[in-house]
Amino acid sequence: NRIGTIKQQRVDGSFYNFKTNVGGSTSIGLEAFAEYNVTKFAGIEKRIGKISLFASYAYNSARYSNFKIVSVVNNALSETNYKDKKVEYAPENILRAGLSHEWRGLTTTLQYSFTDKVYTDANNTEDPSVNGQNGLVPSYSVTDLAFGYRHKTGIQLKGGINNLSDARYFTRRAGGYPGPGVLPADGRTFYITLGYILK
């Protein structure tokens, strides 16, 4: 009883997205996280602070188990089954890995993120449509840098740079507002916050 989107064609040849009950789907996956304290292992944490490596990985196989489609081919009804097609917006692989350093109230983290390609409709359309509403969303990678400092007086300073390499990518395709078309992600952005913790 999964609700999904099917790419349909009008009489004039143009395409549109039809949202309906598309059948059953199954999702199977796993998540894993690991962190390794490099300086503690080397016995130098007290001298230079804590340096740790971390990685988080998620695998997800989301596919339709039963998905019957009836369409008109050469003025005759034709039934096909999209069984084993991938579910929309379900990346198969997601990886986040990085390096973190903590020293005398200062924390710095560099993180790399990878998100696998996804399909935007249950048909698993590869090529983008003219209006950009359908088609594959390619995989993308982003690197972020964050820092934080906490003084013993309670003053906190946090900041960072998202999308450090200013990568150009998009994460979704839209049919309505503000579409139709792709929804681009933000380029390189900066942020900084100043706070105080009451004791």
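I began with the term: on a 1 Å grid over the protein atoms alone, a pocket is an open set of points with protein on both sides within 12 Å along at least five of seven lines, and its lining residues have an atom within 4 Å of a point. A volume is the space filled by probe spheres set on the points, which are joined across faces, edges and corners.

I noted that this is a predicted model, in which local features need pLDDT of at least 70, side-chain atom pairs count only at pLDDT 80 or more, and totals for chains, interfaces and linings use all residues. Residues are numbered from 1 along each chain as its sequence is written, and side-chain values use heavy atoms, with hydrogens and water left out.

**Second largest pocket**

I looked up its volume, which is about 160 Å³. Eleven residues line the second largest pocket, and Lys 7, Gln 8, Gln 9, Tyr 82 and Asn 123 lie nearest its centre. I use strand for a DSSP run of E with at least two residues, numbered from the N terminus. Strand β1 gives the most to this lining, with four residues; β1 and β4 (68-73) each supply at least two. I sorted residues by type: Ala, Val, Leu, Ile, Met, Phe, Trp, Tyr, Cys and Pro count as nonpolar, Asp, Glu, Lys and Arg as charged, and the others, Gly among them, as polar. The lining of the second largest pocket has four nonpolar, six polar and one charged.

**Largest pocket**

I found about 190 Å³ of space in the largest pocket. It has 13 lining residues, and the closest to its centre are Thr 5, Lys 19, Tyr 89, Thr 120 and Arg 172. At least two lining residues come from each of β1 (2-9), β2 (15-37) and β10 (170-174). I sorted this lining into three nonpolar, five polar and five charged.

**Cavity**

I then turned to cavities, where a 1.4 Å probe fits but cannot get out. The count is one cavity of 30 Å³ or more. The largest cavity has a volume of about 50 Å³. Its lining is Asn 60, Ser 61, Ala 62, Arg 63, Lys 86, Ala 90 and Glu 92, and I sorted these into two nonpolar, two polar and three charged.

**Leu 164**

I placed Leu 164 in the loop between β9 (155-162) and β10.
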